[in-house]
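Keep the sequence at hand as you read.

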Amino acid sequence: MAQILDCKLVAQTIKDNCKAEADALRAKGISPKIAIMRVGEKGPDLSYEKGIFATAEATGIEVEVHAMPADISQDDYITEFKKVNADPSVHGILAFRPLDNIDETVAISDNLSAIKDCDASTTDNMGKVVLNDPTALPPCTAAAIMEVIDFYADEIKAHVGSDKEDVCEGLDVCIINNSNVIGKPLAMMLTNRFATVSIVHHLTRPEVKNDYIKRANVIVCATPFKDSITADMLPENAIVIDAAVVREKAFDENGEPMMNEKTGRQKINTFGCCAADVEEKAAWKTPVPGVGSITSALLAKNLLKACKVQNGID
């Protein structure tokens with residue numbers, strides 16, 4: 001049975017550090033603030049927003065929500081976005097995506113200051129991630145995975161028999177994801193610290209995919225499908241980080257929708273992409289939800305980093 005990589009403990013450690021940083025900034029007369037740009041009332045957006053408010057309360061940062069109607073035009077969205085981006089009291093912006101009827105590149109990436117880009121929506125920040133620029137504001141999910149690896153560095157080094165000072169040096173990592181949010185930036189963050197990284201995805205030939213997964217020390221799983229990663233795919237005693245978020249509508253035993261009494265909406269169950277038998281074979285594994293619990297903490301960390309840069313504080 002796999003030992004648990006406690007993501008809540010990782011998140012709490014980050015929040016504690018953020019609280020100390022936010023307190024220090026307020027002592028200098030600076031109040032760190034993030035603005036959320038939300039269109040409509042999609043369930044995942046509202047859930048993430050709720051998590052951000054909880055993190056904000058724990059870390060002492062301000063949150064400002066700009067809620068816009070679901071049918072807002074692209075021009076009106078851009079007008080509102082530019083106004084928020086120009087506000088000097090706002091140190092970071094998080095724009096919820098996807099946007100159904102709005103070109104995200106035109107509306108967000110082309111109008112967001114890189115220094116306020118708390119989740120790497122701009123090419124400037126992604127470029128900084130590739131170049132290992134210390135001023136980069138990395139994508140929160142990819143950064144959350146790095147935080148898990150660093151938090152459990154001693155355990156991972158002991159497990160793989162590494163005597164390197166940096167846990168990433170020589171670590172063999174297979175990422176089952178090719179997105180701009182996880183796979184690509186995570187690969188760059190790992191290789192910048194001299195890990196050996198392979199990326200596989202749905203177009204990788206099965207025999208090639210199996211070979212890369214079987215030889216890895218650490219497998220990062222982030223597919224969009226529940227139970228798509230099974231124990232037979234993995235090497236013995238692997239370290240498995242399940243970073244997927246798979247949402248399914250909840251139904252009772254009669255097939256009737258289960259409703260949330262508070263919101264009036266159908267309940268949503270959240271899963272990772274690993275099947276239950278993965279826990280029987282892996283040596284270490286993140287729970288579900290796990291990595292997702294760290295992302296809002298990383299958003300606060302990025303915000304504080306952006307706030308300090310904007311105010312000339314090292």
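This is a predicted model: local features need pLDDT of at least 70, side-chain atom pairs count only at pLDDT 80 or more; totals for chains, interfaces and linings use all residues.

Residues are numbered from 1 along each chain as its sequence is written, and side-chain values use heavy atoms, with hydrogens and water left out.

**A buried asparagine**

Start with N85. N85 belongs to helix α3, residues 74-85. Helices here are DSSP runs of H or I with at least four residues; strands are runs of E with at least two; both are numbered from the N terminus. Is N85 buried or exposed? N85 is buried, because its relative accessible area is 14% (buried means under 20%, exposed over 50%, partly exposed in between, with a 1.4 Å probe and protein chains only).

What does the side chain of N85 reach? It reaches the backbone oxygen of N111, at 3.3 Å. N85 also has contacts (heavy atoms within 4.5 Å). Apart from neighbours within four places in sequence, these are I93, N111, L112, S113 and K116.

**Two nonpolar cores**

A nonpolar core is a set of buried Ala, Val, Leu, Ile, Met, Phe, Trp, Tyr and Cys residues joined through side-chain atoms within 4.5 Å. The largest one has 59 residues. Which of them touch the most other members? They are I145, I149, L186, L190, V220, I241 and I294.

Take I294. Leaving out neighbours within four places in sequence, I294 is in contact with C7, V10, A11, I14, A144 and V148. A second core is separate and has 19 residues, among them I176, I229, A244 and C274.

**Cis bonds and positive phi**

Two cis peptide bonds come next. One runs from R97 to P98, with omega near 5°. P98 sits in the loop between β4 (92-95) and α4 (104-109). Another cis bond joins V288 and P289, with omega about -5°. P289 sits in the loop between β11 (284-285) and α11 (292-310).

N132 is not a glycine, yet its phi is positive. N237 also has a positive phi and is a residue other than glycine.

Technical notes. A polar contact is a pair of N or O atoms within 3.5 Å; within protein, one must be able to donate a hydrogen and the other to accept it, and residues adjacent in sequence count only if both atoms are side-chain atoms.
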